[in-house]
Amino acid sequence: MTGGAFGAMVRGIVGPALVLFFVLGLWQGACDAWSIPPYVLPAPTDIGHALWRDAPTLTHALGSTLLVTLSALGLSIVIGSVIAFILVQNVVIERSLMPYVVVMQVTPVVAVAPLIVILVHNTFAALVLCAMLIAIFPVIANTLQGLKSIDPGLADYFRLHRATRWQTLWRLRLPSALPLFLAGVRVSSGLALVGAVVAEFVAGTGGNSAGLAYEILQSGFQMDIPRMFAALFLITLAGLCLFGVTTGVQNRLLGRWMASR
Amino acid sequence: MTRPDPARPLLAFHGAGRMFAGRSSDAPRGLAPISLNIAAGDFVTLLGPSGCGKSTLLKLAANLLEPDSGHVRWWGRGFVDAGLAGHRVTLVPQDATLMPWRSVAANVRLPLDLERLPRAQADAKVDQALRKVGLESVAALRPSALSGGMRMRVSIARALAAGPELLLMDEPFAALDELTRTALDTEMVHLCERSGLTTLFVTHSIAEAAFLSTRVIVMAADPGRIFAEYPVDPAGPRDEDFRLSDRFASICRDLTRLLAEAAR
Ligand SMILES: Nc1ncnc2c1ncn2[C@@H]1O[C@H](COP(=O)(O)OP(=O)(O)OP(=O)(O)O)[C@@H](O)[C@H]1O
Ligand SMILES: [Mg+2]
């Protein structure tokens, strides 16, 4: 059993790793063979070198971007759940408010971001707000759907046994909503990172709160393409880590559910 | 089994019914007003074709549906008053409807948790209920790890743990194979004899109705109504011998005939 799980894990890592090495090798080989200049397409070694050389600035930028991302994700989870919770209270409330939630979702945040950056003076707050506007929708939509997806038979049983509103919420609604809620959080975590990077691009903030997007912009101005790729690599890495963590949390919390699937 | 006492109906339908709106061209659907008394210790079975309002009747009895005519009384009172007096009604739905995220024991404890019984007391009752249905060994498992028949028994254990006086069961064994079903029928008889339960039971099976009931109510459809009442009175105990007896066969024959007449 454990051997099988371990084997599956090894296969899950070994396969992608082989593909990675193969692609990197091909890339490096092509750059060397045709001596492509680094400002056209930097070889993996050039990118690695840039990563090493600019490690202090890049990790600082990564830290800023992650801080914005995680703040936006945290706020999305809290505020999104609360909004879903308010919406599910009654049909009139849902019908009245849902259109605005949708409006918020369909309006491209890239277009609103400059406005936010102007209106909100604190740069960090502006960045978090932009990222949150992108990330919050999956939490709202999924939690709402989850809170509604109750087994009607169980709901009848709770009613027959005169469960209070609170008991029904705690023992029936929340557990029923959990799987969809967690799926929403997982989507949101990816969107929060996208939102953070987009917001940084728009705000173009340098200095102490400079994020990875700023590093990419700067590298572009300076024609330092390897560094640009290095920053990009860090963004991807951050995204992968977020995905891994949220998936892990999901599997852990849903262990009880998964057994039933 | 305690003798039914018709003078003190535990559940009474006074011209209670519930019709559902449909297109005017359709036959009227739902349950026409009916009157029905169920006394303490009765085991009443509803037998009838699909769509004759059996589930509707049960939902009225569980106060999950409001009648649109007449009224239903529990212990001669309204549902809430009867509940406050400490009498209990519980339901075994057609499918087990367990919480997949909780263990078997926690599922059985649900009605006790809902009335905020102290944990130790509740656990004692849960153990007892699980033993009654022979599932004490799987108490820690999740429902998903059980077979359909075992899940159904968990649902029955949950109902028993609530300590009901009136037990409502909607085709509880419909999805089970014949063998499991017969075994559970026999268990039901023992349980009811031991606990002095009053039961309102829905089934499609004539043999099951004949084996379990003190009274069978044969229903007809369009609109749903009571077609006939048939008292079942075996000479001896309800056991495997009863199932094989001529008396049982003649009860089944009578019920088959009534059902055919009801369908005409
Ligand atoms: N919520 C509802 N809305 C509209 N019509 C309904 C509703 N519930 C039941 N009916 C109708 O009432 C009639 C009786 O339904 P009911 O579920 O009580 O039948 P039943 O005897 O339990 O049938 P079965 O044996 O198939 O379970 C049916 O014609 C059904 O279409
Ligand atoms: Mg039914």
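How far does a polar side-chain atom of B:His204 lie from an oxygen atom of ligand 1? The distance is 3.0 Å. The model is predicted. Chain A and chain B bury about 2,200 Å² between them, and helix α3 of chain B packs against two helices of chain A.

**Interface of chain A and chain B**

- Of the area buried between the two chains, 63% is on carbon and sulfur atoms.
- Chain A contributes 21 residues to the contact, and chain B contributes 23 residues.
- There is 1 salt bridge between chain A and chain B. It joins the side chains of A:Arg171 and B:Asp113, with an N to O distance of 3.4 Å.
- On the side of chain A that touches chain B, the elements giving two or more residues are α7 (152–160), α8 (165–203) and α11 (255–258). Helix α7(A) supplies the largest share, 7 residues.
- By residue type, this side of chain A consists of 9 nonpolar, 6 polar and 6 charged residues.

**Helix α3 of chain B**

- The buried residues include B:Asp113, whose side chain forms the salt bridge with A:Arg171. Also buried in this helix are B:Asn107 and B:Arg109, as well as B:Val104, B:Leu110 and B:Leu112.
- Within chain B, the buried residues of α3(B) pack against α4 (119–132) and α5 (148–161); in chain A, they pack against α7 and α8.
- After α3(B) comes B:Arg116, which has a positive phi, near 60°.

- The residues around ligand 1 are from chain B, and among them is a run of residues comprising B:Ser50, B:Gly51, B:Cys52, B:Gly53, B:Lys54, B:Ser55 and B:Thr56.
- B:Phe20, B:Arg29, B:Gly30, B:Glu171 and B:His204 are also around the ligand.
- B:Arg29 places a polar side-chain atom 2.9 Å from an oxygen atom of ligand 1.
- At B:Gly51, a backbone N or O atom lies 2.8 Å from an oxygen atom of the ligand.

**A:Glu215**

- A:Glu215 is located in helix α9 of chain A, residues 212–221.
- Is A:Glu215 buried or exposed? A:Glu215 counts as buried because its relative accessibility is 5%, and the cut-off for buried is under 20%.
- Beyond its neighbours within four places in sequence, A:Glu215 is in contact with A:Thr57, A:Leu58, A:Ala61, A:Ala210, A:Arg227 and A:Ala231.

Note on methods:
Residues are numbered from 1 along each chain as its sequence is written. Chains are lettered from A and ligands numbered from 1 in the order in which they are written. This is a predicted model: local features need pLDDT of at least 70, side-chain atom pairs count only at pLDDT 80 or more; totals for chains, interfaces and linings use all residues. Side-chain values use heavy atoms; hydrogens and water are left out. Contact means heavy atoms within 4.5 Å. Buried area is the accessible area (1.4 Å probe) that two parts lose on being put together, summed over both. A salt bridge is a side-chain nitrogen of Lys or Arg within 4 Å of a carboxyl oxygen of Asp or Glu. Helices (H or I, at least four residues) and strands (E, at least two) are DSSP runs, numbered from the N terminus. Ala, Val, Leu, Ile, Met, Phe, Trp, Tyr, Cys and Pro count as nonpolar, Asp, Glu, Lys and Arg as charged, and the others, Gly among them, as polar. Buried means under 20% relative accessible area, exposed over 50%, partly exposed in between (1.4 Å probe, protein chains only). A residue is near a molecule or strand if one of its heavy atoms lies within 4 Å of it. A polar contact is a pair of N or O atoms within 3.5 Å; within protein, one must be able to donate a hydrogen and the other to accept it, and residues adjacent in sequence count only if both atoms are side-chain atoms.
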